[in-house]
Amino acid sequence: KRSIKEAVDTVRQKQKERIALVKQWGTAAGGHIAEEVVAQPVAVRVLNDYVPELRGERDAMVEALKVLEKQASDTAVMLIVKDPAKGTASVIAQVPAAKAGKLSAVDWIKHVCGKGGGKPTSASGAGLPNEKAVEATAKGTDFAQGALA
C-alpha cells in the first residue's frame, strides 16, 4: 500500500509536470502570436485558439507575454485564456512604456472585463464569461486602437 506521503508526492510531481508543460505551451503560443503581430500596434488574442488544452492557466499567459515582449516589443498585447471548468476567462494586458501615455493597460482591462488592476504598462483581470471571449477581442482591439489613434 502507498502511504499518504507517497500519494501526495505523486500529485505534486504531476502538478509540476503540468506547470512545465503549460509554460512550454505559453512560450510556443507567444512565438506564433509574435509572428502574426510583430508589425501591428495592437493585438488581442485568445490563447486557447493556439493551445486548446489550456484550462485557464495564467502561467501560459505570462510565458507568452515574455516572448511577445522580446519579439514584438512595440505591440500592445492583450491575452485571454478561457477556463472551461469555471466558465470564465482571465485576461492580461501589456503595453509598451512608449504607448502607456495614450493607452493604459488598466483602463484597457477594465474596458474588456469590467474590473481589473495593475499598472499603466501591465494589468490583469478575470471573470470574463468564456462565451464573450471572441467579442472581447474585438472590443479590446477597438478600444486600444482608438486610444492610440
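This report describes the strand order and helix packing of a predicted model.

**Sheet**

Five strands make up an open sheet of mixed pairing, ordered β1-β2-β3-β5-β4. The edge positions are taken by β1 (42-46) and β4 (117-118); each has a single partner strand, so one side of each is left without a neighbour in the sheet. Strands β2 (residues 76-83) and β3 (residues 88-94) run antiparallel and are joined by seven bridges. Lys82 has Ala89 in β3 as its bridge partner.

Helix α3 lies across β1, β2, β3, β4 and β5 (122-129), and runs at about 5° to β5.

**Helix pairs**

| Pair | Angle | Axis separation |
|---|---|---|
| α1 (residues 4-37) and α2 (residues 58-71) | roughly 35° | within 7 Å |
| α3 (residues 105-113) and α4 (residues 133-148) | about 145° | 9 Å |

The crossing of α1 and α2 is right-handed. On the α1 side, the contact residues include Ile19, Val22, Gly26, Gly30, Ile33 and Val37, and on the α2 side they include Asp59, Ala60, Glu63, Val67 and Leu68. By class, the residues of this α1 with α2 contact are nine nonpolar, five polar and three charged.

The crossing of α3 and α4 is also right-handed. Here Asp107, Trp108, His111 and Val112 of α3 meet Ala136, Lys139, Gly140, Phe143 and Ala144 of α4. The residues of the α3 with α4 contact comprise five nonpolar, two polar and two charged.

Note on methods: Residues numbered from 1 in each chain as written. Predicted model: local features only at pLDDT ≥ 70, side-chain atom pairs only at ≥ 80, totals over all residues. Heavy atoms only, no water. Axes fitted to C-alpha atoms, helices over the stretch in contact; angles between N-to-C directions. Helix = DSSP H or I, 4+ residues; strand = E, 2+ residues; numbered from the N terminus. Left-handed = near helix turned anticlockwise from the far one by under 90°. Contact = heavy atoms within 4.5 Å. Nonpolar A, V, L, I, M, F, W, Y, C, P; charged D, E, K, R; others polar. Pairing = 2+ DSSP bridges.
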